[in-house]
Amino acid sequence: ISSKVLEDSIVEALTVCLSKLALNPDAQLLTSILQIIGPGIDNGDPNRKALIEVAKKALYSPIATPENTSSIIDIVSSEGIDNIIALSSESKSFLRKLVRNIFESGRITADAAKLIEQCTENKVAMIFNRDGSVMLDGVLYQFNDDGSKDHLQNMIQRILKQESVLGQQYVSHTPMFENHNVGLKLSPVDVQQVRSMINAAKVLECDRWHVSTVDVTPPFLVLERRNVFGEYIIAKLFVENGKFKKEISQHHPNDLGPIK
């Protein structure tokens with residue numbers, strides 16, 4: 001069989017699969033499509049170019065449907081992100097689009113956070129901001145639910161623990177350049193220790209809450225921790241008029257005042 005006839009047959013098969021793939025993402029089909037695209041080298045063959053274009057359309061078809069995002073995350077996790085990247089020059093663009101879908105949903109699950117972390121390790125660039133937002137391809141994404149914020153916070157902390165000079169600055173709170181807090185205010189991340197406002201013997205950590213009970217009338221709970229940028233985070237949990245309430249705020253470690 002000639003290569004032209006074979007490629008025509010593959011194009012026809014991929015075209016047929018498009019509608020099925022959009023409704024039901026399939027691991028074997030996705031990996032096969034990535035293999036067809038391969039390194040994406042243009043050898044000037046118009047038939048090969050047509051084949052790659054159809055394959056790319058088939059590749060991006062399922063992630064055009066937001067409802068498929070969770071299934072595709074499962075496929076990538078099952079196949080292994082390193083294996084996915086090794087299959088094709090288009091793999092990183094595909095993963096970037098998948099991450100964009102996650103951000104556009106406004107919600108980050110534990111599985112999604114793991115995928116995002118693996119993408120950053122493979123140089124899929126994004127910017128994590130102090131306010132918990134993330135920028136990807138010039139678009140700023142905000143996350144309002146506590147679950148997403150926690151997954152994002154924990155993910156950033158794991159990324160920062162990787163062995164890099166900049167990352168270790170955020171973990172050890174040892175500044176790269178000495179700053180005596182004269183003229184230029186000391187960055188929160190450069191404050192080496194932040195102690196609990198309730199229990200001065202307790203040094204706060206980034207990856208866990210310190211919980212205290214304030215025994216007044218009425219009593220309330222105080223949760224304290226540092227975020228990945230070194231800032232002091234405090235949450236006050238209390239009951240008012242029979243309703244559970246919480247107040248959360250963040251502060252520069254050197255600007256702490258009394259708890260009210």
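Me: Where is Pro218 found?
Reply: Pro218 sits in the loop between strand 4 and strand 5. Before going further: this is a predicted model, where local features need pLDDT of at least 70 and side-chain atom pairs count only at pLDDT 80 or more, while totals for chains, interfaces and linings use all residues. Residues are numbered from 1 along each chain as its sequence is written, and side-chain values use heavy atoms, with hydrogens and water left out. As for strands and helices, they are DSSP runs numbered from the N terminus (helices are H or I, at least four residues; strands are E, at least two).

Me: What makes the peptide bond from Thr217 to Pro218 stand out?
Reply: That bond is cis, with omega near -5°.

Me: What makes strand 5 enclosed by the rest of the structure?
Reply: Buried means under 20% relative accessible area, exposed means over 50%, and partly exposed is in between (1.4 Å probe, protein chains only). Six of the seven residues of strand 5 (residues 220-226) are buried, so strand 5 is largely enclosed.

Me: How do you know that strand 4 and strand 5 pair?
Reply: Two strands pair if DSSP finds at least two bridges between them. Strand 4 (residues 210-214) and strand 5 have five bridges, in the antiparallel sense, so they pass. Ser212 stands opposite Val222 of strand 5. The two strands form a hairpin with five residues between them.

Me: How many bridges join strand 5 to strand 6?
Reply: Six, and these strands run antiparallel, with strand 6 covering residues 232-240. Arg225 has Ile233 as its bridge partner in strand 6, and Val222 has Lys236 there. This is a hairpin too, with five residues between the strands, and Gly230 in the turn has a positive phi of about 90°.

Me: Why is strand 6 called mostly covered?
Reply: Seven of its nine residues are buried.

Me: What does strand 6 do with strand 7?
Reply: Nine bridges join them, and they run antiparallel. Ile233 has Gln250 of strand 7 as its bridge partner. Strand 6 and strand 7 form a hairpin with two residues between them.

Me: Why is Asn241 called exposed?
Reply: Its relative accessibility is 74%, so Asn241 clears the cut-off and counts as exposed. Asn241 lies in the loop between strand 6 and strand 7 (243-251), and has a positive phi of about 55° although it is not a glycine.

Me: Which strands stand at the edges of the open sheet?
Reply: The open sheet has three strands in the order 1-2-3, with antiparallel pairing. Strand 1 and strand 3 (139-141) are at the edges, each with a single partner strand, so one side of each has no neighbour in the sheet. Strand 1 and strand 2 (residues 134-136) pair over two bridges, in the antiparallel sense. Ile127 of strand 1 (residues 127-128) stands opposite Met135 in strand 2.

Me: What makes the nonpolar surface patch?
Reply: Ile127, Met135 and Leu140 do, with about 250 Å² of surface. Patches take residues with over 30% relative accessible area and no salt bridge; like charges are joined within 9 Å, and nonpolar side chains (Val, Leu, Ile, Met, Phe, Trp, Tyr) within 5 Å. A salt bridge is a side-chain nitrogen of Lys or Arg within 4 Å of a carboxyl oxygen of Asp or Glu. Accessible areas come from the Shrake-Rupley method with a 1.4 Å probe, and for residues only the protein chains shown count as cover. Ile127 has a relative accessible area of 47%, so it is partly exposed and clears the 30% cut-off.

Me: How do you know that the span of helix 3 agrees with what it should be?
Reply: The expected span is 1.5 Å times one less than the number of residues. For the 15 residues of helix 3 (residues 46-60) that gives 21 Å, and the end C-alpha atoms are 21 Å apart, so the two agree.

Me: Which residues of helix 3 are buried, and why say they line one face?
Reply: Arg48, Leu51, Ile52, Val54, Ala55, Ala58 and Leu59 are the buried ones. The face turned away from the buried side carries the exposed Pro46, Lys49 and Lys57.
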